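User: I've got a model open and I'd like to learn how to read its features. Can you walk me through it?

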Amino acid sequence: MRLPPTPPEATSGDAQLALLLPRIGVRFRVLFNGQEVESQAWRRGPGYFDAGTHAHLVPLPPSLRKPQWEHNRVEIQLQPQALRISGLAPVWIGSRDALQERHQRLIWWQVHLTWMVAASALMMGLLSLLIWMMSEERLLGLLAAGLLVLTLRLYLSTPLFLSGPFLAWDYLHKLTFTLYCGFLYLFISELFDFRQSVVRKLVKIMMVIGPFWLGVLVWTQNYNLYRLWTGVIVLVCVLALLKVIHRARWGMDVNQRLMVVVGLATMVTGLRDFLVVQVGLPGDVDIRWMTAGSLVLMFAMGWVLVQRTSQSMEQVERLNAELAHKVNEREDELHAMFSRLRAVESQRVLETERRRLTRDMHDGLGSQLVQTLNLVHSSGERVESATIAFMLSHALEELRMTLDSLEPMGGDLPTILGTLRQRIAPALKVAGIELDWQVQEVPVVPGLEARGVMHLFRCLQEVFANVVKHAHASRVAVRTWQDGERICLSVTDNGVGLGEAPESGYREGGRGISNIRLRAAEIGAEVWFSGALPGTRVTFSFACEDPLAGGAPA
């Protein structure tokens with residue numbers, strides 16, 4: 001390039017001159033009087049790099065300057081790309097201090113602002129993605145997709161060197177712009193509830209066709225195809241904005257009004273960059289307004305994200321409060337229902353117990369009293385007081401046994417047998433029968449509540465009655481022990497033995513055995529009748545709650 005015919009300033013002494021290259025790409029180097037003074041990826045191998053992403057200030061060392069100004073020569077060598085706006089824009093030459101301010105301003109707009117927007121997009125994109133994964137709200141998913149795609153595009157718009165084919169990275173750089181615009185509109189359409197919008201369908205078609213269109217662009221390396229495609233994107237954005245304005249006639253909430261205002265401002269910045277950079281209208285080509293507009297748009301979308309999240313949290317809290325209220329109501333209903341059920345169950349238990357007591361007293365005490373009354377009526381004036389006293393004593397024992405069965409014994413078999421012992425010991429003593437009491441402590445027997453205790457009393461009463469009346473025994477032994485998971489109780493006499501006397505109460509199929517078997521089955525016990533050589537042994541076996549090691553006594 002030729003230098004100006006006259007120096008830009010006094011060239012005497014060590015005055016610092018410099019070149020300002022606002023846009024140059026994609027690789028270059030600068031020679032001043034044959035000496036290289038600046039190089040950007042000139043000698044690096046294949047890879048993705050675009051020096052045109054930011055301006056360059058190239059000092060011209062005074063030591064290389066020739067005394068005669070017209071003899072100085074600046075040579076700029078380029079390695080351009082057809083799919084970039086590459087080449088060399090007008091070069092500024094002058095005092096280094098004078099150009100420094102312009103250079104710093106361009107660096108702030110082209111580099112620092114880009115990194116700022118990229119960092120913000122990444123942060124809000126990841127936050128939106130996280131909230132979307134928890135809430136599965138479509139609006140937040142579209143926002144996350146758009147911001148993450150924008151982050152990738154901005155990363156590819158910074159002065160970095162990436163290994164690999166340049167055309168592949170450039171294809172991705174252009175594709176991210178298409179996807180960003182598509183996701184952005186889908187986000188707005190979801191926000192404004194455009195379910196069947198024609199523009200929404202156009203955006204989806206654009207996002208489907210975009211990869212193929214840009215593939216043809218890379219194949220042909222015809223930059224006019226990209227200009228045309230960028231015009232299509234701008235047209236769709238204008239239609240989308242008109243649709244938003246049209247929607248405003250039915251009223252909008254604060255989030256929608258905010259997005260309308262910010263969307264208009266962002267569209268203006270994008271339209272300005274398209275007309276100045278792509279079409280060539282007058283303007284500062286070195287400064288892209290779209291980057292700043294994207295930052296403002298991003299903060300607006302972040303505000304929407306915060307608002308939607310806040311609304312979702314309030315809705316969750318409201319639903320939780322409603323749910324807690326309904327749960328409390330149902331809990332109160334259940335408590336009332338359980339109270340009614342407990343009352344009904346208590347009434348049922350009391351009624352069952354009343355019927356049991358009535359039946360036991362009818363079968364025992366009532367039967368004895370009826371027999372006594374019949375004896376009195378049939379004896380007339382010759383009433384035998386001894387017989388009447390005996391029958392009344394027997395009736396009194398029945399009453400006492402019934403009352404004893406009502407005592408809370410909690411399945412404690414030794415305690416139950418101890419209560420029975422008080423009733424049977426006098427009768428055995430009168431009959432001249434020795435009682436051998438070998439009752440040991442055993443685990444609790446389930447099922448021996450009031451009703452079960454009465455069944456056990458009746459069984460043992462039948463056994464001892466047979467010993468007294470029919471066995472002709474002189475000794476009877478009562479034993480308890482634990483055999484594995486069973487609790488055993490035996491009553492053994494040394495009488496005539498099982499079935500040896502015709503009058504024995506243990507005849508198979510007789511009333512005595514049948515009653516014992518039936519009552520034992522009611523309390524979940526098993527019963528055996530066997531010979532004791534001499535005598536008879538009646539053994540009851542119960543399940544226990546806490547099985548312990550044990551065995552039958554010798």
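Analyst: Strands (E, at least two residues) and helices (H or I, at least four) are DSSP runs, numbered from the N terminus. In this structure, Leu-435 stands opposite Val-476 in β12. Their strands, β11 and β12 (residues 475–483), pair in the parallel sense over five bridges.

User: Before we go on, what kind of model is this?

Analyst: This is a predicted model, where local features need pLDDT of at least 70 and side-chain atom pairs count only at pLDDT 80 or more, while totals for chains, interfaces and linings use all residues. Residues are numbered from 1 along each chain as its sequence is written, and side-chain values use heavy atoms, leaving out hydrogens and water.

User: OK. What is the strand order in the open sheet of five strands?

Analyst: The order is β11-β12-β13-β15-β14, with mixed pairing. β11 (434–438) and β14 (526–531) stand at the edges with a single partner strand each, so one side of each has no neighbour in the sheet. On average, neighbouring strands of this sheet are turned by 15° against each other, direction ignored.

User: Which helix lies across β11, β12, β13 and β15?

Analyst: That's helix α9 (residues 413–430), running at about 170° to β11. Angles run from 0 to 180 degrees between N-to-C directions, and axes are lines fitted to C-alpha atoms, for helices over the stretch in contact.

User: And how do I read a pair of packed helices?

Analyst: Two packed helices are described by the angle between their axes and the distance between the axes. Here, helix α2 (residues 138–156) packs with helix α3 (residues 166–191) at about 155°, their axes 8 Å apart.

User: Last one: is Met-206 buried or exposed?

Analyst: Buried means under 20% relative accessible area, exposed over 50%, and partly exposed in between (1.4 Å probe, protein chains only). Met-206 is buried, with a relative accessible area of 6%. Met-206 has its place in helix α4 (residues 198–220). Leaving aside residues up to four places away in sequence, Met-206 touches Thr-178, Gly-182, Trp-229, Ile-233 and Val-236 (contact means heavy atoms within 4.5 Å). The C-alpha atoms of Met-206 and Leu-179 are separated by 8.9 Å, with the two residues 27 apart along the chain.

Notes
Two strands pair if DSSP finds at least two bridges between them.
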